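Subject: Structure handover and notes

Hello,

I am passing on the structure below, together with some notes that you can follow with the sequence beside you. Please look through it once before you read on.

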Amino acid sequence: MTVTNWLSPEVMRPAGWALLHFVWQGTALAALAAVAMAPFRKASARYLLAVATLLLMFAAPVATFSYYRNADAVSTSAPAAPAAVLSPVAVWKAPAHVSATTGSNAPDLFPIVVQLWLIGVAIFSMRSAGGFFLLERMRRRQSVPVSTELSEICSELQNRLGLTRAIRYAQCQWLDAPAVIGWFRPIVFLPLTALTGLSDAQLQAVIVHELAHIKRLDSFVNAFQVVVETLLFYHPAVWWLNRRIRLERENCCDDAAIALCGNALEYARALTMMEEWRVAPALAMAANRGPLSARIMRLLGIGNLRSGIRGIGLTSSALCLTVALLAGNAIFGIGIARKVSAQAVPAAPQPPKAVTAPKAPAKASRVSTPEVPETPETPESAGSYIDSIKAAGLGDVDVDELVAMKIQGVTAPYIREIQAEGLHPDVDDLIAMKVQGVTPEYIRGLRATGVTAPVDEIIAMKVQGIDGEYIRAMQAAGFKPDADEIIAMKVQSVTPEYVNALKAEGIEAGGDEIIGMKVQGVTAEYVREIRALGLKPNADEIIAMRVQGITPEYIKALQAAGFKFDVDELIDAKVQGVTPEFIERARKHGFQNLTMEKLIQLRQLGVLDKAGEI
């Protein structure tokens with residue numbers, strides 16, 4: 001019996017993912033915080049950025065946990081699918097009971113990870129609780145009020161700082177540096193070493209430093225830091241960020257002390273002296289907290305290698321961010337790897353279905369006594385969505401297909417209605433039909449025109465916007481198109497008006513020919529102009545003329561040269577490149593009164609070409 005036995009798989013799995021993902025999330029957030037804080041010179045701005053980052057660090061695993069918890073809840077709403085058909089995303093999101101059915105021999109490390117994390121949280125919780133208990137005990141027992149004169153000085157400093165809260169001031173011997181303890185009723189402790197070892201100016205600056213902690217509510221932020229450290233103790237980025245927050249917090253209070261007292265040098269000397277007395281509880285707000293040398297150099301405005309360090313820090317942050325993103329990508333890839341391993345293992349055999357007792361034959365009631373009541377049939381849709389889909393005849397459906405069908409609204413009644421029309425689409429076809437809005441009424445509307453089509457052609461007709469009215473209009477124009485022809489006509493924008501216009505010009509064409517004329521841009525006007533020149537091409541010939549680029553102007557030019565020709569000769573002439581210019585050149589060579597056939601032969605043989613001249 002372990003601690004994790006108390007947690008359900010629905011909690012264990014999201015918790016494991018949250019802890020795992022926070023490895024790269026925490027690193028990435030810390031790297032971003034380091035980059036974001038670098039350009040700011042004010043400690044208050046850096047402090048706010050660091051605290052905001054800590055809030056994000058606290059929220060990241062919570063959000064991750066909620067995400068996986070919700071994903072598992074959605075997945076568990078449907079029966080577990082065989083592992084062999086799970087998609088990578090489905091496996092990544094798959095709930096615990098699905099993982100258990102994958103048959104993978106790889107051990108599930110989540111229980112171990114969560115158990116170690118719980119142990120760590122317990123240890124750090126006891127550590128923090130012990131610190132708070134010790135602090136509270138010291139606050140109550142080992143202090144005495146400060147003298148009246150010092151209390152008046154403290155009150156004056158409090159007023160100058162704008163603090164209206166009730167604050168107590170006490171002197172003690174168990175501290176070597178002033179400190180603030182308490183959240184709602186704070187006490188400023190002034191140790192005897194500070195009262196006797198610091199000058200009045202130094203002591204006032206230090207007291208202002210502690211009052212600044214109270215004014216900024218730093219004790220509450222510090223408590224939040226302790227909580228985050230306890231929960232996310234395993235990530236170094238959390239500890240680094242908390243150290244940075246505490247440093248910037250001390251810098252902010254140093255700035256407040258200098259702003260109010262105005263003597264940075266005396267304050268720096270006070271810090272130097274108190275550094276030698278450094279004894280203060282870890283959870284208290286003490287003036288000598290944080291790296292002293294850096295604080296003193298900052299207070300005195302002494303330059304150091306900070307610019308170089310900043311450059312190294314930015315480079316390191318960028319490197320950490322890159323590594324964190326790569327790690328996050330690798331963690332996401334774990335789901336895909338588990339999918340591959342799951343596919344390598346054959347699906348667990350389905351448990352045998354419960355065998356229902358056969359109904360007693362009707363004649364048995366005449367023989368047996370007493371009469372056996374007939375067992376009522378179990379409604380097929382009494383179960384989940386997948387039960388109803390299986391009852392409709394779709395048994396081999398994977399998780400992705402189920403999700404897609406559910407999203408698109410494919411229901412068992414819809415499947416049965418489609419099947420009632422004589423169609424038996426597979427899952428992909430059903431989803432496509434539903435997406436395109438194919439209804440049983442639409443299918444019946446098509447069939448009422450006499451057009452029968454398989455599933456894919458019905459979907460294509462719906463995609464092209466073909467309905468019964470369009471088919472009837474084309475039929476009224478003299479066509480009896482099948483599904484392929486009607487789709488091609490619609491694709492090429494063949495309308496009944498286009499067909500009737502060609503008919504008015506004497507063009508009788510079948511489905512393929514009318515599509516060909518539309519594709520080649522044959523219009524009723526083009527046919528009319530051709531016919532006006534004395535030619536009577538049929539549908540195929542008019543398509544060929546259009547393909548060869550024969551225009552009414554070309555025909556007129558040949559006719560003006562004295563040639564008479566039929567449609568075939570005209571097309572040959574255009575194909576062979578017989579032009580009015582070629583005719584004129586032939587005549588210059590003495591070839592007069594040639595027929596179109598002879599002219600075409602001259603062009604074919606290249607007799608008039610420069611290379612062929614005799």
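Helix 10 has 26 residues, and at 1.5 Å a residue it should span 38 Å, which agrees with the 37 Å between its end C-alpha atoms; the expected span is taken as 1.5 Å times one less than the number of residues. Helices here are DSSP runs of H or I with at least four residues, strands are runs of E with at least two, and both are numbered from the N terminus. Just after helix 10, G262 takes a positive phi of about 80°.

Before going further, please keep in mind that this is a predicted model, in which local features need pLDDT of at least 70 and side-chain atom pairs count only at pLDDT 80 or more, while totals for chains, interfaces and linings use all residues. Residues are numbered from 1 along each chain as its sequence is written, and side-chain values use heavy atoms, with hydrogens and water left out.

Which strands pair with strand 4? Strand 2 (residues 168-172) pairs with it in the parallel sense over 5 bridges, and Q171 has L190 as its bridge partner. Strand 3 (residues 179-181) runs antiparallel to strand 4 and is joined to it by 3 bridges, with I181 partnered by I187; two strands count as paired if DSSP finds at least two bridges between them. Strands 3 and 4 form a hairpin with 5 residues between them, and G182 in the turn has a positive phi of about 115°.

The aromatic rings come next. Rings of Phe, Tyr and Trp (its six-membered ring) pair if their centres lie within 6.5 Å, and planes under 30 degrees apart count as stacked, over 60 as edge-to-face and the rest as tilted. By this rule the count comes to 8 aromatic pairs. One of them is the stacked pair of F124 and F233, at 5.1 Å centre to centre with 20° between the planes. This pair links distant parts of the chain, 109 residues apart, since F124 lies in helix 5 (residues 110-141) and F233 in the loop between helix 9 (218-231) and helix 10 (236-261). F124 is partly exposed at 21% relative accessible area, whereas F233 counts as buried at 17%. Another pair, F184 and F220, is edge-to-face, at 5.3 Å centre to centre with 70° between the planes. F184 is in the loop between strand 3 and strand 4, and F220 is in helix 9, 36 residues apart.

Finally, there are the nonpolar cores, each a set of buried Ala, Val, Leu, Ile, Met, Phe, Trp, Tyr and Cys residues joined through side-chain atoms within 4.5 Å. Of the 77 residues in the largest one, M405, M461, I514, M517 and M545 touch the most other members. A second, separate core of 27 residues includes L157, V180, V188 and L271.

Best wishes

Key: Buried means under 20% relative accessible area, exposed over 50%, partly exposed in between (1.4 Å probe, protein chains only).
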